[in-house]
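Reader: I'm new to this structure and a bit lost in it. Could you pick one part, take me through it slowly, and then show me how the rest fits around it?

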Amino acid sequence: MHDERRRIEERVQRLHDQRIKGAIYAATVPFEVEAWQAPGEPVPFEEAAAAPYEPFAMDTPWGPPWGTTWFRMRGQVPTEWAGRRVEAVIDLGFVGDWPGNQAEALVHLTDGTPLKAVNPLNQYVAIANPATGGEQIDYLVEAASNPDILADNFSKTTPLGDKLTAGDKPIYTFRRADIAVLDEEVWHLDLDVQVLRELMLELGEHDPRRHEIAHALDRALDLLDLDDVSGSAADVRAALKPALSKPANASAHVISGVGHAHIDSAWLWPIRETKRKTSRTFSNVTSLADEYDDFIFACSQAQQYEWVRDNYPKVWARIQESVKKGQWAPVGGMWVEADGNLPGGEAVARQLIHGKRFFIEHFGVETKGVWLPDSFGYTAAYPQLAKLAGNEWFLTQKISWNQTNKFPHHTFWWEGIDGTRIFTHFPPVDTYNARFSGEEMARATRNYREKGAATRSLAPFGWGDGGGGPTREIMERARRLADLEGSPKVVVEHPDDFFAKAREEYPDAPVWVGELYLELHRATYTSQARTKQGNRRSEHRLREAELWATTAALHAPGYAYPHERLDRLWKTVLLHQFHDILPGSSIAWVHREAEAEYARVAKEVEELTAEAVTALGAGGARVFNTSPAERREVVRTPDGTLAHTVVPANGSAPLGAGEPPRPVTVAGRVLDNGLVRVEVAEDGTLASVRDLRAGGREVLAGQGNLLRLHTDLPNYWDAWDVDKHYKNRYTDLLDAESVTVVEEDPLLGAIRVERSFGNGSRITQTISVRAGSPRIDFETDIDWHEAEKFLKAGFPVDIRAAHSSAEIAFGHIQRPTHTNTSWESARFEVSGHRWVHLGEPGYGVAVINDSTYGHDVSRTVREDGGTTTTVRLSLVRAPRIPDPEADQGRHRFTYALLPGATIEDAVAEGYALNLPLRVADSAGTPEPVVSVDGEGVTIEAVKIADDASGDVVVRVYESRGGRAQGTLRTSFPLAGAQITDLLERPLTTAGTDGNSVSVTLRPFEIQTLRLAVGKE
């Protein structure tokens, strides 16, 4: 037989693309269209319905960037269409090849009932099936003219990322608004041909099945009447039926399809637009559920459900009904799909608490898994936190984006820092927007790393980010691929069912220990520094407010714990931990609003804290310590003077308590407090840091606090990525304009260094040493005007450290300082929270910060044989895409060097720097609400139970990485204690003795204690 593959393949493609697709709609009549452009921000339906409309013609430009145009569409179904499937077909002028991030619309009836969305790949709205003919159609269509920020493939800057700079020129041209007859036979033929053609092209050239499909298509298309596609479609389908009926191989891979619509809670659009995107997509999903009984849709992010509940109650009611029918599966159990590295430990816990509780309260559904397909790496604390929230599985997709190393597993047990394991899956289809194309099915089978041991994987399907979610075409593909020779088998099912089957099939799956590090998007630890600082400050302010509100609730008669306000504030912070807000990868509008929200949160939380402290009564100046360790610290009083004070952990003390420490001396550029001696060089760097407690040991092995400005142009994804070549071009900032002593007090010595550089940027740093503390602070004020630059602060220390330790949620992680393997080399930029520690036996140094997350650690061997280990904090970047003005302007933050530090010291000083002592006129309380003894037992949160029972909830964890035993004591009568899950549900009874609770923790274990308050 001659090889006619090329002829057949080209024939199939042309007939499909040029004849079959064009015959899907057999007849059309246009709508009469009128338009009204809403001024400013979106308006409610009622306002739009009452607005004045003007005639609007097709092929007319419409929609300024970020605008809303309402279209009134009126028409009548012709009587001759009776008995046929009739639809509205609307093309707003969709652009590009990505179905999200552009024009979208929600179609309403005139009474305000949302029907369905219109999206680039989902342009229809069902009118009648079958039609009786003569129906009058009257729609109000809310169309959003969101600009295509992805234009030019992220290669150019754009002003479209903020309504303040986007302009008002229309950006879309309305192409179509018709009432049309769907020719269902042609529509099914279109899908038959697509599925067979795509399968054929993925099979090997020597595979008999490929040739069989080719000739089946060739013979079938001989039956296609080019002058009557509709009339001949049934014959063509009948001829293709044998090729579509051959069952899959017995050993075929099994793909569990799960309907999905990944909607970023903000990204290339603001939060206000996400509220509308969710309503559009969820309208589509509930409509599809009515049409396909076998359809199942998995949806995460409780925040998005709440938006729909509050703004689109009719859509919300449809969701509730779909959940009851088992077609809608709430998943993930988090408030939003948060960044996987940057949120603090308590914030990750609250993500799970608020998310799980929302689904339980509103649907009676307790989610079983963590659904995080798109975050940029995942903290090794997740397995324990997920299990403590009642989860059984974890899903992500993003690790498939690794730049260097291919992750070795798709199904595995993930082991966290404490030893907890959770069953985890990475879909080998390598997308969370699958459409069941032949290429995707072949890729999933080809990629699957568990061949020979397991047989199944998961594929989330549907268009995300405003693309409208799953479509009927994708569902039809799934049906055709359910049992088809040459293809994996596709079954649409609940993700819980997939994970149960996968675990049963593969209980001894391999184990991956530690963080899931994404070898890409490393710049998200630094971009949009003010957003990150807002998050860090908010997390700590909320800790402070909860502690003192709890104290007041227990000790101040008449004070009511502010449950609702704290709940609302936490949810605001949790929303902004979304994986494109906190990482700094959103448009300017998003980050501008985030900064304003953080300022609002700060103001309200400060009010709550002040109210709680004031409720304790007046009693003179008192110092409040929110951190979990005793503080011996210098504070500045309300009148500006300095005082040294000793304050218990989680407690308060009178101002000035404690023995005064040895005073600070300032001699030229040398600061000395008897613990450390710091010499500042003429160029403003640190020339020497001697640890006087360690016999005058020199800590530095080079210029300390060396500010290095790198050229920073990644290969792609500017706000997301920093590529290794950034290290090759840099300027060291050594031209200090001034080095001046600015504080010379027995309790505080400080030297200020001022620099100008680059494009008019300035840095002012105040280097300070306080009496009684070995910590050296660098209060930093940057006026930043650089573009495509990366600023780091380096500390080369004379320590031979085999690894660095960086704080993560509820613990720390160790990373090698060498680059023996490609895996270690790929970690050239890593994340941490409040501190990084470098140590050798007997000695260590910590670098502490109050707002940055990125850093790098490297080491070299000097000519004298000694080892220099350098940690460099990432301070600020200047990407231009998607926000051309990212990070421009003022930044204020503090970082610190802590010589002679153990891990315990790093933990304590990390809390101290991030939780400044509060001085207030208050009676305080004689004892902290709770106190704990036992090394390594660290209190992370103190609050009143969420059920308003009055019980006190205390979250503790082991912070050193070793076993810990301790006793937690209360200052209130203790009536009983339970160890609970994160949702404060009892797991077991805790041992008590009077007003104390015994605490035993394994390394990095988290425990939540619920303490019942007894009567006085």
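Author: Let's take a close look at helix H3 and its two partners, then step out to the rest of the protein. Keep in mind that this is a predicted model.

H3 covers residues 184-202, and one of its partners is helix H5, residues 229-245. Two packed helices are described by the angle between their axes and the distance between the axes. For H3 and H5, the axes come within 9 Å and cross at roughly 35 degrees, and the crossing is left-handed. If you want to find the contact on screen, look on the H3 side for Glu185, Val186, His188, Leu189, Asp192, Val193 and Leu196. Across from them, H5 brings in Val229, Ser230, Ala233, Ala234, Val236, Arg237, Leu240, Ala243 and Leu244. Sorted by class, this contact of H3 with H5 holds eleven nonpolar, two polar and three charged residues.

The other partner is helix H4, residues 208-221. The axes of H3 and H4 also come within 9 Å, with a crossing angle of roughly 145 degrees, and here too the crossing is left-handed.

Now zoom out. The protein has 18 helices and 56 strands, and its C-alpha atoms fill a box of roughly 100 × 70 × 55 Å along the principal axes. A compact globule of 1016 residues would have a radius of gyration near 31 Å, and the protein agrees, with 31 Å. Buried residues account for 62% of the chain's 1016 residues.

Some helices are well wrapped. Helix H7 (residues 302-311) has seven of its ten residues buried, so the rest of the structure largely encloses it. The buried ones are Ala302, Gln303, Gln304, Tyr305, Glu306, Trp307 and Val308, and their cover includes helix H6 (271-291), helix H8 (313-325) and helix H15 (563-575). Helix H12 (residues 472-480) is mostly covered too, with seven of nine residues buried; among them are Arg472, Met475 and Glu476.

In the loop between strand E20 (456-461) and H12 sits Asp465. Most residues other than glycine have a negative phi, and most peptide bonds are trans. Asp465 has a positive phi of about 55 degrees, and it is buried, at 5% relative accessible area.

The loop between strand E45 (867-877) and strand E46 (889-899) holds Pro882, and a cis peptide bond joins Ile881 to Pro882, with omega about 10 degrees. Asp887 is found in the loop between E45 and E46 too. Its phi is positive, near 70 degrees, and Asp887 counts as buried at 1% relative accessibility.

One last stop is His855, in strand E44 (residues 854-861). His855 is buried, with a relative accessible area of 1%. Beyond its close sequence neighbours, its contacts include Lys792, Arg815, Glu829 and Arg872. Glu829 is 26 residues away in sequence, yet the two C-alpha atoms are 5.8 Å apart.

Conventions:
Residues are numbered from 1 along each chain as its sequence is written. This is a predicted model: local features need pLDDT of at least 70, side-chain atom pairs count only at pLDDT 80 or more; totals for chains, interfaces and linings use all residues. Side-chain values use heavy atoms; hydrogens and water are left out. Axes are lines fitted to C-alpha atoms, for helices over the stretch in contact, and angles run from 0 to 180 degrees between N-to-C directions. Helices (H or I, at least four residues) and strands (E, at least two) are DSSP runs, numbered from the N terminus. A crossing is left-handed if the near helix is turned anticlockwise from the far one by less than a right angle, and right-handed if clockwise. Contact means heavy atoms within 4.5 Å. Ala, Val, Leu, Ile, Met, Phe, Trp, Tyr, Cys and Pro count as nonpolar, Asp, Glu, Lys and Arg as charged, and the others, Gly among them, as polar. The radius of gyration is taken over C-alpha atoms; the globule rule is 2.2 Å times the number of residues to the power 0.38. Buried means under 20% relative accessible area, exposed over 50%, partly exposed in between (1.4 Å probe, protein chains only). Lists of a residue's contacts leave out its neighbours within four places in sequence.
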